[in-house]
Amino acid sequence: MRGWAAGFRPGRLTSVDPRRLVPRTDALLADPRLAAAERRLGRGRVKAAVAAAQQQARAGRIRPGEVAATALAALPAHAASLVPVLNATGVLVHDGLGRAPLSAAARAAVATAAGCTDLEFDLASGSRGQRGAGALAALAAAVPAAQAVHVVSSNAAALVLAATALATGPGNGREIVVSRGELTGTGAAGRLPGLLESTGARIRAVGTTRRATPADYAAAVGPDTAFVLKAHRSRAGGSGAGLADLAGLGVPVLGDIGAGLLAPSAALPGEPDAGTWLRAGAGLVTASGDKLLGGPQAGLILGRADLVTRLARHPLARALRAGKLTFAALGATLAGPPVPVAEALAATAASVFSRAERLAGRLAVAGIDARAVRALAVAGDGAAPGVALPSAAVSLPGELAAPLRAGDPARRGTVPPVAGRAAGDRVLLDLRSVAPDADDTLAAAVVAAAAVLQRS
Ligand SMILES: *Cc1c(COP(=O)(O)O)cnc(C)c1O
């Protein structure tokens, strides 16, 4: 009760000392609303909020009857540290927003696997089983050209594992031959050389930043070559040599396709896919699970059985292995219904525009300056760079961007923060990156943000 003395402010006291009326901690914790908060957040956090609110009452800043409500208002709705956000940026796979949103089937699979599960346990025999066997089987089934498959925690991890297992250690060549154009660039591509060299492997860059010919590769390949790397870069640079040219050099070719299409996509005809690259002669293909595949963060490794086995059996593989939630989401992504990223890619420009018109119309009725406009979306960070997808957006006054992003913390379950895209003095809510069943939520978020703006 030392806090009483500390909070003593004689000037604020009236005839009845209000400190005596401040509800006791045990009474407050028994309040059904605070008891429910305790079940969600734990006792320590709720007690701390209660103590802070009592302190405010003792200091005369709130009335004793407001202590419970003040403590409740200071507490988050749930213990999750990450806040759900509506992605209206028009970037379908947005690094800052957690890349691909999982399908409903994958979300359900994650929830199911959250407890104890048969991750690495054979229920029939009661003995140890292959880790993530179901997801690995689904991946193998999706890419018949792969003799074997393995899954690690990210595509960067897959590349580190390949470089370590194939280009370091006794009996292996040290050099990774790669075109100069594929090594330069921003984002993942720019960090690729440092990542590979961190394993102790050496990079042997061939050709110029604009072009590397089959002869350039042939001149560089020798006894110390571990493998040839072909990394997907559809913008400037890249290689002038095809996979068939590289496959004839007598060393393994590792193809880093990046975005993770397993088969060709009609919406992105220029984007490489695992099946096509393996059939064209790549010995190994690596890809991300959370870009265009639309699944969880993961590194997919597919290809020749001997090479996949060398990676999977390397001691480093243990440190890069994927977790049960990843295997659960990946299995459901591969075996379940179409994922949100695939649906966003497949939507017609006309259907996206009619959603924008409907939404803008509803908002205009609510007195908000909203218009439907044509826009260009992109597949996203590290996925089909440079390819614009015809899209449509709701254009709003730019002042709405900040309240939209902040959302309403008290109503986060129903009115999530919205990330849009700035365009001059307007903010665009691009609907290609928003699932159609979220349009009502998006409308509610805009109305809430406009109300916040009006109050301020
Ligand atoms: C995204 C990307 C990577 C890195 O993949 P992560 O899953 O982020 O580790 C590597 N290579 C290419 C070509 C990429 O596009």
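How do α3 and α4 lie to each other: parallel, antiparallel, perpendicular or oblique?

I first noted the ground rules. The model is predicted, with local features needing pLDDT of at least 70 and side-chain atom pairs pLDDT 80 or more, while totals for chains, interfaces and linings use all residues. Residues are numbered from 1 along each chain as its sequence is written, and side-chain values use heavy atoms, without hydrogens and water.

Entry: helix pair. I looked up helix α3 (residues 32-41) and helix α4 (residues 43-58), which pack at about 135 degrees with axes 7 Å apart. Helices here are DSSP runs (H or I, at least four residues), and strands are runs of E (at least two). Axes are lines fitted to C-alpha atoms over the stretch in contact, with angles from 0 to 180 degrees between N-to-C directions. Angles under 35 degrees count as roughly parallel, over 145 as roughly antiparallel, 65 to 115 as roughly perpendicular and the rest as oblique, so α3 and α4 are oblique to each other. In contact (heavy atoms within 4.5 Å), Leu34, Ala37, Glu38 and Leu41 of α3 meet Arg43, Arg45, Val46 and Val50 of α4.

Entry: ligand. I found eleven residues around the ligand, the closest being Arg99, Ala156, Asp256, Ser288 and Lys291; a residue counts if a heavy atom lies within 4 Å. I noted a ligand oxygen 2.9 Å from a side-chain N or O atom of Arg99. A polar side-chain atom of Ser288 is 2.7 Å from a ligand oxygen.

Conventions:
Polar contact = N/O pair within 3.5 Å; in protein donor to acceptor, adjacent residues only side chain to side chain.
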